[in-house]
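Subject: Structure for you to look at

Dear colleague,

I am handing over the structure below, together with some notes on what turned up in it. Please read the notes with the coordinates open beside you.

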Amino acid sequence: MTSERSTTGKTRRVGGVLAAALCALALTACGTEGAREAAAGAAMAATPTASPTPTAARPDPMDDPGLTVEEHRDALAFMRLVTEVAAPCEGSSKGLPAGSPSMQPPPRPGDSGVPVPVEDLPPLGDTSWNFERVRQEVELGDTEKCAALRHGSRIAKALDGSGDPTAAHVEKALAEIGYNLPYRLHGPEEAGGRVRFTLDLRGGELCLDGTYDGTRTTFDPYGVHPAVYCTDVKRRG
C-alpha cells in the first residue's frame with residue numbers, strides 16, 4: 001500500500017463522514033422528543049465494549065438514525081477536530097510540532113508481525129468475515145503518523161504536570177480540548193499509579209493509546225481496520 005493511496009483513501013473517508021454527519025443533523029432536527037430520548041440510550045449502548053468474536057463488522061455509532069441533534073453536533077465537532085489536526089500533514093511528512101511527545105519505540109528487531117494493508121481486508125459486507133483477520137494491526141501512512149504526533153502534542157500540553165494521575169482528571173482534561181465523545185474514548189482507567197486511555201481518531205485508521213503518570217504523557221499510535229474497534233486490535237510485537 002503506497003502512502004499516496006493511503007492518504008487519498010483517508011481523505012475520502014473523512015469527507016464522507018463529515019457529509020453524512022451534516023445530512024443526518026438536518027434530518028434529526030425533525031424528530032420527536034421521545035425519539036431523541038430513545039436515541040440517547042442507544043448512543044450510550046454504542047460505546048465500544050469488547051466482545052471476543054463479533055460475527056459481523058462493528059457498527060459505527062454515527063450510523064444510528066436515531067441520534068439526537070446534540071449528539072450529531074458533538075460527533076461533527078469531533079470529526080472537524082480530527083480533520084483540522086491532520087490538515088498540516090496532508091501530502092507531506094512535515095507539519096510535526098516542535099517538542100512532540102514521546103512515542104513508543106518501533107517493533108522489536110526480529111518481530112515477524114507484518115501489518116495488513118487495509119485494501120487487502122474483506123469489505124465490510126463480505127460474507128467471508130473473519131474477525132481474527134480484520135483485527136490485525138494496520139500500517140499507518142505518513143499523514144496519520146504525523147497526525148498522531150500532533151494529537152499527542154495537544155494532549156500532552158493539556159495534561160503534562162497538570163495534576164495527579166486520576167481517571168477523572170484525565171477525562172476532564174481530554175474533554176476540555178475536544179476528545180469527549182464516549183464512543184471515541186475508551187477509559188481512562190487507573191493502573192499502577194498511571195492512567196491509561198485509548199482514543200479512536202479514525203477518519204482513516206488512526207487509534208492512539210495514551211498513558212499519563214502525573215508528570216508526563218506518552219503515546220502509542222497504531223492503525224485499525226474500520227470494521228473493528230480500537231480496543232479489538234491485535235497489536236504486533
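The side chains of Glu132 and Arg135 meet in a salt bridge, with 3.2 Å from N to O; the term stands for a side-chain nitrogen of Lys or Arg within 4 Å of a carboxyl oxygen of Asp or Glu. Glu132 has a relative accessibility of 38% and therefore counts as partly exposed, given that buried means under 20% relative accessible area, exposed over 50% and partly exposed in between (1.4 Å probe, protein chains only).

Before going further, please keep in mind that this is a predicted model, in which local features need pLDDT of at least 70 and side-chain atom pairs count only at pLDDT 80 or more, while totals for chains, interfaces and linings use all residues. Residues are numbered from 1 along each chain as its sequence is written, and side-chain values use heavy atoms, with hydrogens and water left out.

By the rule above, the count of salt bridges comes to nine. Another of them joins Arg235 and Asp220, at 3.0 Å from N to O; Arg235 lies in the segment after E4 and Asp220 in strand E4, so this pair ties together parts that are 15 residues apart in sequence. (Helices are DSSP runs of H or I with at least four residues, strands are runs of E with at least two, and both are numbered from the N terminus.) Arg235 is partly exposed, its relative accessible area being 30%, and both Arg235 and Asp220 belong to a network of salt bridges that also links Glu137, Asp209 and Arg236.

A further salt bridge is formed by Asp232 and Arg58, at 2.8 Å from N to O. Since Asp232 lies in the segment after strand E4 (217-223) and Arg58 in the loop between helix H2 (33-45) and H3, the pair ties together parts that are 174 residues apart in sequence. Both Asp232 and Arg58 are buried.

As for the nonpolar cores (sets of buried Ala, Val, Leu, Ile, Met, Phe, Trp, Tyr and Cys residues joined through side-chain atoms within 4.5 Å), the largest has 29 residues, and Ile155, Tyr179, Phe197 and Leu201 have the most contacts inside it. Two or more residues each come from helices H3 (69-86), H5 (142-159) and H6 (167-176) and from strands E2 (194-200) and E3 (206-212), with H3 giving the most, six residues. Apart from this core lies another of 10 residues, including Trp129, Val134, Cys207 and Val228.

In H6, the buried residues are Ala167, Val170, Ala173 and Leu174. Seen down the axis of H6, they fall within an arc of 135° (taken from the directions from the helix axis to the C-beta atoms), so they line one face of the helix, whereas Ala168, Lys172 and Glu176 are exposed on the other side. The cover over the buried residues of H6 includes H5, strand E1 (185-191), E2 and E3, where contact means heavy atoms within 4.5 Å. Just after H6, Gly178 takes a positive phi of about 105°.

Finally, E3 and E4 run antiparallel and are joined by seven bridges, two strands being paired if DSSP finds at least two bridges between them. Leu206 has Gly223 in E4 as its bridge partner, and in the hairpin, with four residues between the strands, Gly214 takes a positive phi near 95°. E4 is mostly covered, five of its seven residues being buried.

With best wishes
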